[in-house]
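Me: I would like to go through the labels put on this structure. Let us take them one by one.

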Amino acid sequence: MAASESGTVAWRPEIEEVITEAYERCLVDPAIIDRQKVNSARRSLNLLFAEWSVRGINYWRTSETTLSLVKSTRSYSLAAGTVDILSASTRRSSSDTGMTRLSLTEYQALPTKTTEGMPVQFFFDRQYTPQIYLYPVPENSTDTIVYWSLLQMQDVTKSYQYSDAPYRWTEAMTSGLASKLAMKVNPALPSDRITMLAAQAASQFDYAATEEGEKAALKIIPVL
């Protein structure tokens, strides 16, 4: 029978497969990957995802959220796992007004933080439970804030589950995990292989991150 294509685009490795592949790159025989090694790999994978959250925008983890406002209330708690706010608008009567972001210094310098009006500025306080501070303070309870947030990647808790990373990041994820495991395997790997795995992890991240960028064309409009 002549060979043919599969006709599918459904391949998505489970965490167990990613761990096995990463250990093989560290010259570890899959037959000796015990529970302790699996737990160690899952911990390293979660650390890798935490690292990714501060290295750029993971576009598959962005979400549009609507926040209901309360008159005279200037701060609001956001959902757990909110890493950053990418953009925000105040919505009034189905019309959106863009908001600008304030730094901590700029927000602190506001002379009267209780001034009421339509919120057009915000300060994002990046605590464990993130907070957003609005200025002016809402003058009614009918306006809403519509914002795009960057969310933390979902935790890896089991081996028989999928990761939160999409298909196009599979190699970056596997390479990154292999590099982290290379520093922990026993007996120790030769230094040149550790260096090679680290370089591969860096290049695969760069490839994926470059492809992940915005595809919209940049438009420069001169001010007359």
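Me: Why is serine 94 called exposed?
Reply: The model is predicted, and its computed relative accessible area for serine 94 is 75%. Exposed means over 50%, so serine 94 counts as exposed.

Me: Where is serine 94 found, and what is its phi?
Reply: Serine 94 belongs to the loop between strand 3 (82-92) and strand 4 (95-98). Its phi is near 65°, a positive value in a residue other than glycine. Most residues other than glycine have a negative phi.

Me: Why does serine 72 count as partly exposed?
Reply: Its relative accessibility is 40%. Buried is under 20% and exposed is over 50%. The value falls in between, so serine 72 is partly exposed. Serine 72 also has a positive phi, about 70°, and is found in the loop between strand 1 (62-68) and strand 2 (75-77).

Me: What makes the peptide bond from tyrosine 135 to proline 136 cis?
Reply: Omega is near -10° there. Proline 136 sits in the loop between strand 8 (131-135) and strand 9 (137-138).

Me: What is omega for the peptide bond from asparagine 186 to proline 187?
Reply: Omega is near 5°, and the bond is cis. Proline 187 lies in the loop between helix 4 (170-182) and helix 5 (191-212). Most peptide bonds are trans.

Me: Which residues lie nearest the centre of the largest pocket?
Reply: Val28, Lys37, Lys184, Val185 and Asn186. The lining has 14 residues: nine nonpolar, three polar and two charged. Helix 2 (residues 35-52) gives the largest share, three residues.

Definitions and conventions:
Residues are numbered from 1 along each chain as its sequence is written. This is a predicted model: local features need pLDDT of at least 70, side-chain atom pairs count only at pLDDT 80 or more; totals for chains, interfaces and linings use all residues. Side-chain values use heavy atoms; hydrogens and water are left out. On a 1 Å grid over the protein atoms alone, a cavity is a set of points where a 1.4 Å probe fits but cannot get out, and a pocket is an open set with protein on both sides within 12 Å along at least five of seven lines; lining residues have an atom within 4 Å of a point. Helices (H or I, at least four residues) and strands (E, at least two) are DSSP runs, numbered from the N terminus. Ala, Val, Leu, Ile, Met, Phe, Trp, Tyr, Cys and Pro count as nonpolar, Asp, Glu, Lys and Arg as charged, and the others, Gly among them, as polar. Buried means under 20% relative accessible area, exposed over 50%, partly exposed in between (1.4 Å probe, protein chains only).
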